[in-house]
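Reader: I want to learn how to read backbone angles and sheet pairing in a model. Where do we begin?

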Amino acid sequence: MQVSGHIQSSVAPSIVDASLANIESSPPVSAVKPLVAALAAAAVVDAPATAPSAAPLESTVAAAQGDAPPRGQPGFVKVKFLVRGNNPREYFDPKELEDLTASVREHGINQPILVRSIGDDQYQIIAGERRYRAALAAHGEEYDMPVLIRECSDSEARILANIENTLRADMSATEEARSAAIIVGEVKGDRDEAARLLSWSRSKLDSRLALMNCSESVRKALNERTIKLGHAELFASLSKENQDKILSAVIERSLSVADLKSLIEKAAAKLSAAIFDKADCAACPHNSSVQRTMFSESVTDGSCTNNACYKTKTEAALEITKESLKDEYPVIRIVRAGDNFAQVKLRADGPTGVGEAQAEACRGCAEFGAAVSALPERMGMVFKDQCFNTACNQEKVAARIRSEKEAKDALAKAATEAAGTKDAPKGATEAKAKEKPAEVKTTVSEGDKVKAYREQVWRVAMKKEVGASYELSVRYLIALAVTGNIRHVNQTGMTKVFEKLLGASKANDLQKVAEQTQQMSPDHMDSAMLMLAVSAMEELPVPELTRLAKHIKLDLTKHWKMDATFLALFTKSEIEVIAKSVKLDKALGDGFKKLFTEKKEVLIEKLLAVIGFDYSAAIPPVLMYK
């Protein structure tokens, strides 16, 4: 394969100039926004090729908020070394592709596609699959495809590919929906950020994401223009089963969007499916038992004809369910249509498993939790043990697969070597192949309350250590003075100490206070000197505090013991991680897992009542400063 910085005349000069001008200093790969403008430019070049012209690129870049084109490496890659990427487009119009192929056969590819290296002399397409298909059909695998090579992660490649496709005018609404859902997943469910990346309004994003709840038949009808986008958006509010039941009737009767909306509002809010308390609904004038306009086979006894009230009660019930889970997980989210890629079930094994050790570590992550469904067919259902960082989860799965492959390869290699070694000891092959597995750090998320608690534990411990040694306090007082940290001596605290030792109130000016010190005994002077250093521990910045703690090799086991106040700071999933980190699971044996079916208060009580367990002997990692 040949990759060259030399660009032939078939590539527009404006593209070459823009690309070469931006090679020198590439920003961090995670900065996705600077690429949006260039992707917008790329979106217009799949039309039949014409003579090279700089105008389309310049006008598109200007339209995309003035952002610069991508800082990639221009060159050529033979088509046979290109592989398809994460293209969300499900349909390529045969006639349009045929026209593009004819144009490419005559004029070649006029603008480069965006790719990234994936090793083994292969390049994955990020943007430009139609040009790739046309070039392959027109010129075959040996054709030199102009490219811009961009270094980016799997997650960033997915975001860029989906942004590029949504910038194109001919993308169907359902394809836009899936593309948008992927981007929402990559930005950890942040819909505002997804809308910004797509240059969409938030309302447009939400309406597109709602289409992710459409059934396959509804999506097909929309793609074939049998129904309108407005119809599909309304269908998305129903269960997929009901969508399929009434789709044919809507098509046959040519119901307008307004007609469908009116009928759905009257018939969709079935009280039998409501997740809220229906005690107030029994005598409500909006409770109708005869609503069979659309759902003659599915709507049973009654439904609510006050759609706004029904939605309000449903949302309140979802929030109650979410609130009930706050003691179990660090994060609980209500998931809606379009959140399909925003979370994934955490698994230790299987094709999507991250491995036992990593799964244990993930349970203490700030992005591990539960999902409360707001989807029509699963309304109010709770899905536990969810990871809300899908990109991270994919990386962990890939790492586990890579590790297993390396171990397997090492075993095969060791077996081959052992076969050629005479009188090899029994088990030597396995021993040689074994390698120490990569260490997985297991800890829990550190919220503000946890950080404040940890800081206070260390300050109290340091005050006790410094206060127990006059010599150490003097040494630290000198160190504080020469490093500019003497200002952290707590004036209020020292005033109280001074007045207690003096047996009188502090004077109002420096001269009189100096005179008061002459009345103090030598022992009282020593006590005051000691307390100067002690009081500084109260306000000394945490980095400086930890440096002093490391200097004296502070042993927290002398100053701290696990108690209910500490454990109450965490959710049940986090408490499980903490308990395992101090070997409480070993002390409890088979009964350990059963404890976590209890309410949080009962769980804590029982965890702290293990006979013979030394609760001050082990310090959880979350209490330690790095």
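Author: Start in a loop. This is a predicted model. Lys188 lies in the loop that links helix H7 (173–186) and helix H8 (191–198).

Reader: How accessible is Lys188?

Author: Its relative accessible area is 36%.

Reader: Which strand holds Asp385?

Author: Strand E11, residues 382–387. Asp385 also has a positive phi, near 55 degrees, and is a residue other than glycine.

Reader: Is Asp385 buried or exposed?

Author: Buried. The relative accessible area of Asp385 is 17%, and buried means under 20%.

Reader: Now the sheet. How do strands pair in general?

Author: Through backbone hydrogen bonds, either parallel or antiparallel. Here, 4 strands make an open sheet with mixed pairing, in the order E8-E10-E11-E9.

Reader: Which strands stand at the edges?

Author: Strand E8 (331–335) and strand E9 (344–345). Each has a single partner strand, so one side of each has no neighbour in the sheet.

Reader: How do E10 and E11 run, parallel or antiparallel?

Author: Antiparallel. Strand E10 (residues 368–373) is joined to E11 by 4 bridges.

Reader: Which residue in E11 does Phe368 stand opposite?

Author: Cys387. Find Phe368 and Cys387 in the view, facing each other across the pairing. Then look along E11 for Asp385, the buried residue within that strand.

Conventions
Residues are numbered from 1 along each chain as its sequence is written. This is a predicted model: local features need pLDDT of at least 70, side-chain atom pairs count only at pLDDT 80 or more; totals for chains, interfaces and linings use all residues. Side-chain values use heavy atoms; hydrogens and water are left out. Helices (H or I, at least four residues) and strands (E, at least two) are DSSP runs, numbered from the N terminus. Buried means under 20% relative accessible area, exposed over 50%, partly exposed in between (1.4 Å probe, protein chains only). Two strands pair if DSSP finds at least two bridges between them.
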